[in-house]
Amino acid sequence: MAKTQQKETMSEEEKNKQIYDMVDDLVKKSHVALDQMANFTQEQVDKICEAIATAGEQNAYPLAKMAVEETRRGVLEDKTTKNMYASENIWNSLRHEKTVGVIDEDKEQGLVKIAEPKGVIAGVTPVTNPTSTVIFKAMLALKTRNTIIFGFHPQAQKCCVATGKILQKAAEAAGAPKNAIQWIEEPSLQATTDLMTNPGVQTILATGGPGMVKAAYSSGKPAIGVGPGNGPSYIEKSANIERAVYDIVLSKTFDNGMVCASENSVVVDTEIYDRVKEEFKKWNCYFLKKEEIKKFEQHFIDPRRGTVAGPVAGKSAYEIAKLCGVDVPKDTKVIIAEYHGVGKEFPLSAEKLSPVFTLYRAKNHDDAFKICTDLINYGGRGHTAGLHSSDKKIIDEFAMKMDACRILVNSPAALGGIGDLYNNMLPSLTLGTGSYGANTFSHNIGARDLLNIKTVAMRRDNMQWVKVPAKTYFEHNAANYLRHMPNVNRFFIVTDEGVADQGFADEITDIISKRRGAKEYEVFKAVTLDPNTDVIKDGVHRMNIFKPDVVIAIGGGSVMDAAKAMRLFYENPDMTFEEAYQKFLDIRKRVVRFPKINGVQLVCIPTTSGTGSEVSPIAVISDAKSGIKHTLCDYALTPDVSIVDDQFVQTLPKRLIAWSGFEALGHAIESYVSTMATDFTRGWSLEAIKIIFGNLKASYDGDLDARKRMHDAATIAGMAYSNAFLGLEHSIAHTVGSTFGIPSGVSDAIVLPQVIRFNAKRPEKLAMWPNYSVYRAEKDYADIARALGLTGTTDHELVEKLVDKIIELAHSVDIKLAFKDYGVDKKQFEDKVDELAVKAYGDQNTVTNPVAPLINQIVDLMKDCYDGKGISNK
């Protein structure tokens, strides 16, 4: 008596604390079990889950019987099937899934995935599928080494507790720790809320009404919930009508329509509407008379919530008709209301959870799609939509337009939505509705959703490559290859007036003229010293008229760069210049994609010995509007054939020999120290460096053999930088040179010593993604010095000797090493230097510099280059 009186006099606050303490005790016990399972093997986990599956299947019928008796909803045989599905189909899908330790390893990518449990799971279960959901969630939790505490629906407490006890006993007998599966003994909204918000609960797995799911998402915890289903099914005129009707009747009668994926409305094309209606009648479906619909609505829908009334859900069609004051035959399978309109004014357009659906007549496909969309938007977004059709175009369009995460084609929605039975979707009793339905997940929930997956990412070295033209011909008179070049007959020759005046273009046309068979050529000689976008447009226009199958570029770097750009824009007229010079970090992952295959071949024949453009994927083109030089870089620009023929450089002016020689030297040295340099490319770089130091002065002085070797060295350096790329020297040289009209080779010579000194100091900011383990630029420069026969006691000393040797070589070919020595006004330079530094920082070459420069450091470097800091005149 005293205890009863004490209970009756307990305050609301005391009651709430008692509930909280009870839940908190469950959570603490659950954490003890969680810790015990932490070191379980996959084999231990699978043994436990198989025991749960076995117990669920063995008790499928008695548990279903308890559920029907307690909830007074559903069909005994179908609930038995659900219990078997939750045991057999779910376990079969989980049986071979890795959920412990390493679950995936990609050796090529250097990634390892390790599975860890999320922790204590709060499992909220519905009244519609009570026992089967308990089996499903318990198995999912223990498969992933989580523990679970259930908050059962009060109207299904007894059958769920019975299920929990059976599973708990089976799991513990198979090795699960005590309290791995628990539940709230006295259900209440307060208890379930306390469970979901308890600090010791890591994740909520909620199945239930909209209010409960919303509470789960509002708990501040990661929650896996499902939204309501108001799925339509469209019978399109090409459908197999008999099969479609059979599937829908099967779906709506399965467990009296309580699966949330089941069809709530059916939309039918007008052409087949009457045939469909007759087919439903054959299966004892009752069509409400017009005068019965209003009365039926009043009892079927809860006017307060606008959804199916509580006593109605899960009842048989006959029982529902009695509740709603309508007389139907006892053998009625489904009640159908022919309907118009969707929304609050049309109550039966809401979710029904019973063997009742509304039937809509569609005028055409567009009308059908609109009705389906309206139905989905009225309480079913993200869940399920069905389609019966044999028209692939309609199927594709329906899938694209419906905001549903499950598009079920030619199958019963209730059994199709849960997966595995009528399709290959993951079998599940928790169906995510994605962001459409305010859910996190848009798929059928499985084991992976209850795992924390750790990723172990091993350091990887990106796969590298060496790409050069398919063919490179060299030696004297190598241009004769054009006489026999296969599969071409329309030659578009790109050059400039200076090269044409020397007769080099005529030599090419003479060779072409000696070809057998049909041949035509056109000479375009409008390329300027620094080709800009206007020149490119002019060339593309001429190409569009001539329709070449091969472009031959004969000239210096400007001509070859122009020819590359002309081919690019001729074959890709929709590409813009701005897209073409888009910067990238990794050429393989660039945002703007260049063509993979060129239809027009490109042959490059250099008439200077410096640019290496004849073998490179790079073209430097000026913007006609701004005057700024931009670097275009992609392997689609690489020539198909390179012809390195020294006959075209034998009469080069001395200044061009000097300038182009230093351009080649800049390529060779920068590609040797680039972050993309490899053992494959450094060999080319070093060989070119040695040839240039050994032959540039002799070539400048008129030695033709030295000139031939310089011509070869420029191409070898081009092969190196085409694959290793360049650095800050070229970024500064391009930017300042184009602004103040200084030739490329001169700019290279001025900037090279300053950048070497900058790169050889231990950097303030480290470069990312180098092909080597640690900073090594100082050692690389020192190795170059050693290869040239220089000696020193330290790397620093060798770097300085290399710089001195570069200065000496520049002076020997009459190149001055300060921008001020080439007429650049100091005030103009200082006014522009900050802007120029930003542009140089944005140059593509800066990305692969061995030291990541700061913009203020580039400003200082530019000023040093202006003054020729640390460089004495000869």
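## Helix packing in a predicted model

The crossing of H3 and H7 is right-handed. Ile48, Ala51, Ile52, Ala55 and Gly56 of H3 make the contact with Ile166, Leu167, Ala170 and Ala171 of H7. The axes of these helices come within 8 Å and cross at roughly 145 degrees.

This is a predicted model. Mean pLDDT for the protein is 92, with 97% of residues at 70 or more. Where pLDDT is low, the predicted coordinates should not be read in detail.

From H14, His365, Phe369 and Cys372 meet Ile394, Glu397, Phe398 and Lys401 of H15. The angle is about 30 degrees, under the 35 degrees cut-off, so H14 and H15 are roughly parallel to each other.

| Helix pair | Residues | Axis angle | Axis distance |
|---|---|---|---|
| H3 and H7 | 42-58 and 157-173 | roughly 145 degrees | within 8 Å |
| H14 and H15 | 365-377 and 392-401 | about 30 degrees | 11 Å |

Helix H2 covers residues 12-37. Its 26 residues should span 38 Å at 1.5 Å a residue, and the end C-alpha atoms are 38 Å apart, so the two values agree. Which residues of H2 are buried? They are Val23, Asp24, Leu26, Val27, Ser30, Ala33, Leu34 and Met37. An α-helix has 3.6 residues a turn, so residues three or four places apart point the same way. The buried residues of H2 pack against strands S3 (120-124), S4 (147-151) and S5 (181-183), and against helix H8 (189-197).

Terms used: Residues numbered from 1 in each chain as written. Predicted model: local features only at pLDDT ≥ 70, side-chain atom pairs only at ≥ 80, totals over all residues. Heavy atoms only, no water. pLDDT = per-residue confidence, 0-100. Helix = DSSP H or I, 4+ residues; strand = E, 2+ residues; numbered from the N terminus. Expected span 1.5 Å × (residues − 1). Buried < 20%, exposed > 50% of the residue type's maximum accessible area, 1.4 Å probe, protein only. Contact = heavy atoms within 4.5 Å. Axes fitted to C-alpha atoms, helices over the stretch in contact; angles between N-to-C directions. Parallel < 35°, antiparallel > 145°, perpendicular 65-115°, else oblique. Left-handed = near helix turned anticlockwise from the far one by under 90°.
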